[in-house]
Amino acid sequence: MADFRSAPRRRCPRASKFLSLTFLSLSLAPVPVLADGGQITGGDAAVLPDDPARPVETIIVVGHRSEPDFAMTGVEPVLEGRLSTLEDVFRGTPGVILEPVFGGVDHPRFSIRGSGLQRGTQPAGRGIDLRLDGVPMTYADTSFDFVEWIDPLMYDRVSVLRGGRGVLDGAGALGGVVNFTGRAGGGDPSVTARGEIGSFDYRRGQVAASGGNDVRVFATGTWFEQDGFREHNAQEVWRAYGGLDTDVTDTLSLRATVLWSDSELELPGPQTLAQIDAGSRAAQPRNVAGDWRRFAERTRVTTGLTFADGGTALDVDVGYMATDVEFRRRDAQVEENEDWSLVSTLRRDVAWPSGQGSAGLGVIYQHNSRDQRQFLNGGGTPPTFTGARGALWADNDLTASRLTLQSTAEIPVGAAGRLDLAAAWNRHTREIEDRFAIRPERPAAELDRTYDGFTGLALMSWDTADGITLFGGISHVMEAPTYDILLINVAGTPGPGGALVTGADPRRPRVLDIDDQTATTVEAGARGRIGAVDFDITLYRAWLDGEIVSTSDFVNQVVTSAGNADNTTRWGVEAAANALLAGDILSAGDALSLAVDWTWTDARFDDDPIFGDNRLPILAPHVIEGRLGYVAANGLSAALFTTIVPQGGYADYANSLRADGYATLGGRLSWQRGGIILFVEGRNLTDERFPSSVISARNNLAGMDAAAFAPGDGAAVTFGVQAAF
């Protein structure tokens, strides 16, 4: 394991000071033990044994909100197996694509319906509106920089509103809304401890406690560490989460949460297809020489209230998040972020002429300020990399705000129909100021822009006599550009005497004129049960205007150009099916089930003057996942799971170089009795060599192999134990 303590870093005093005060107030409560998944039943688990804690590897569709059941997909953490990353959480969720880059908790390719395909200079994630307990975790510029703060062990549920369905929740991104719901306390005091060890020196631990009746409290702390599959691939992250809630009166309740994370990750860099096929674990030489790594420390606090009286409900939540980042590559980018959020919704029952429904109003406001400085890594070129900050060459203040004003309505249509409407006005501002010394060779990088637009959604659903729900809808969504795509870097020309800072062609930031992007989507589908098979399927077609596209230097991992495409399109299918194959096989109450999920994303240019109707790079068009699970009444369970990607994504807009397809196989054996869980899980059991993701894209690689790909992890085994007292 690399000695992270030997590397210089900056601490976030705001984080540790607040946590030391907050966790003194947290008491003990029971920690819920969740199942390994569920099934697509809309709350009816008829094809499962009576015990709801028995694992079946499929999707749970939760209906805990007032939006249509088919519009929300809920995923429960898989406690009876390895549970560390976003990929662990979303495995088997159609429409949600997670492609690991450098493994472990590193920032993955995270996309819904082909959103956020191109990353910026940071590289930040975009295209998905991430929230925790309903309050934004994305910055006010709608980006999410790194996702190490997401620890699946901290959450009861993850809900997903895909694509334009996110307008129901005021989405500011084309991919929709993903909301993580923190675990709740309550009841008799209880403590849970969990540990996992595995291949590549993987180690993980958790301690959680909660309890209370009048004041319900939950608190947990977790630790993750691994050396990683590759050279220069070590990772370590500490995370903590706590929440409390109380009923002040019969109509008023209060709540508060705190989140803290502190992470450090080494960055091995991309590989060529030939390297991956040969089984190389090597890092890019410059990544090792320059000690490329990323530090991030984050603290977030929220407080909120709910007032519910008869048919009226008001929710108000306020959040503050401070995030310090150092991202060391060719340069060292140092950030100090502060982000404020206000989220409020008012919902009221309404007697429409067609029957009882509801109407609502909502507001989301965010404000972010970022102090961003950039230093050379040593002397700023591979021969002069030292892994330490060199000369300062950029100093910018960035400010963003977001305001969404929304109205919603739920209107019954006949005896079996329902119309859901949502409309919102959105305003996004971006301001960049340059504090560095300006001269003719080094002009100011400054910006002041406002992006306004409307979003809307209409969803119609019908419940048939045989229990199947049919639905169709149309939506329009806008997404403003993020910091990292508005402010990119010019490499400059090296030379003697500090030429990269003071020379005629210095390294410098440059502002791009990027417009917002919009998507208009029509979709139709069905969900329900036919015989012993539960299913959920959606077909959608989207037309995008001004989709943000970019090219990058694969090895240095910096954006070289970016702009708005004229017209692009999407075809897509999001499908899931789950069936009980047999019951009472070896003993009374056991069950064998099969689940299959398929995501098809066809993302293309539309008559582009250069690239015609070529596919957009990065994303694999088809992802198929299957799970065969067995559960017995005595708490024993077993599962086999596979991921099949017939063809990988392209690495260029000319569609000349493509990642190979692959198939991986995994398995798990677990036992659960009372509060005890034991498991062993294997992944990529056949030790396949495959590219897990395309790092970024260029215009035309002319079919030549390039270091544009991330290798997937080799065969790995994890052992775990959890005990609740």
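At 2% relative accessibility, glutamate 148 counts as buried. Keep in mind that this is a predicted model.

**Exercise 1.** Work out where glutamate 148 sits and what its side chain pairs up with.

*Solution.* 
- Start with the burial call: the cut-off for buried is under 20% relative accessible area, and glutamate 148 comes in at 2%.
- Next, find its place in the fold. Glutamate 148 is in the loop that runs between strand 5 (135–136) and strand 6 (155–162).
- Now look for a partner: its side chain makes a polar contact with the side chain of serine 263, at 3.4 Å.
- Finally, list the neighbours. Leaving out residues up to four places away in sequence, glutamate 148 touches Val105, Val237, Arg239, Ser263, Leu265 and Arg294.

**Exercise 2.** Decide whether glycine 666 is buried or exposed, then find what it touches.

*Solution.* 
- Glycine 666 belongs to strand 31 (residues 662–673).
- Its relative accessible area is 0%, so glycine 666 is buried.
- Check leucine 685 next: it lies 19 residues away along the chain, yet the two C-alpha atoms are 5.7 Å apart.
- Leucine 685 is one of the residues that glycine 666 touches, along with Ala639, Leu640, Phe641, Gly682 and Arg683, again not counting residues up to four places away in sequence.

**Exercise 3.** Describe the largest pocket and its lining.

*Solution.* 
- Take the volume: about 1300 Å³.
- Then the lining, which has 48 residues, with Asp133, Gly134, Arg255, Asp315 and Asp317 nearest the centre.
- Sort them by type: 13 nonpolar, 20 polar and 15 charged.
- Last, trace the source: strand 11 (residues 235–247) gives the largest share, 6 residues.

Conventions. Residues are numbered from 1 along each chain as its sequence is written. This is a predicted model: local features need pLDDT of at least 70, side-chain atom pairs count only at pLDDT 80 or more; totals for chains, interfaces and linings use all residues. Side-chain values use heavy atoms; hydrogens and water are left out. On a 1 Å grid over the protein atoms alone, a cavity is a set of points where a 1.4 Å probe fits but cannot get out, and a pocket is an open set with protein on both sides within 12 Å along at least five of seven lines; lining residues have an atom within 4 Å of a point. Grid points are joined across faces, edges and corners, and a volume is the space filled by probe spheres set on the points. Helices (H or I, at least four residues) and strands (E, at least two) are DSSP runs, numbered from the N terminus. Ala, Val, Leu, Ile, Met, Phe, Trp, Tyr, Cys and Pro count as nonpolar, Asp, Glu, Lys and Arg as charged, and the others, Gly among them, as polar. Buried means under 20% relative accessible area, exposed over 50%, partly exposed in between (1.4 Å probe, protein chains only). Contact means heavy atoms within 4.5 Å. A polar contact is a pair of N or O atoms within 3.5 Å; within protein, one must be able to donate a hydrogen and the other to accept it, and residues adjacent in sequence count only if both atoms are side-chain atoms.
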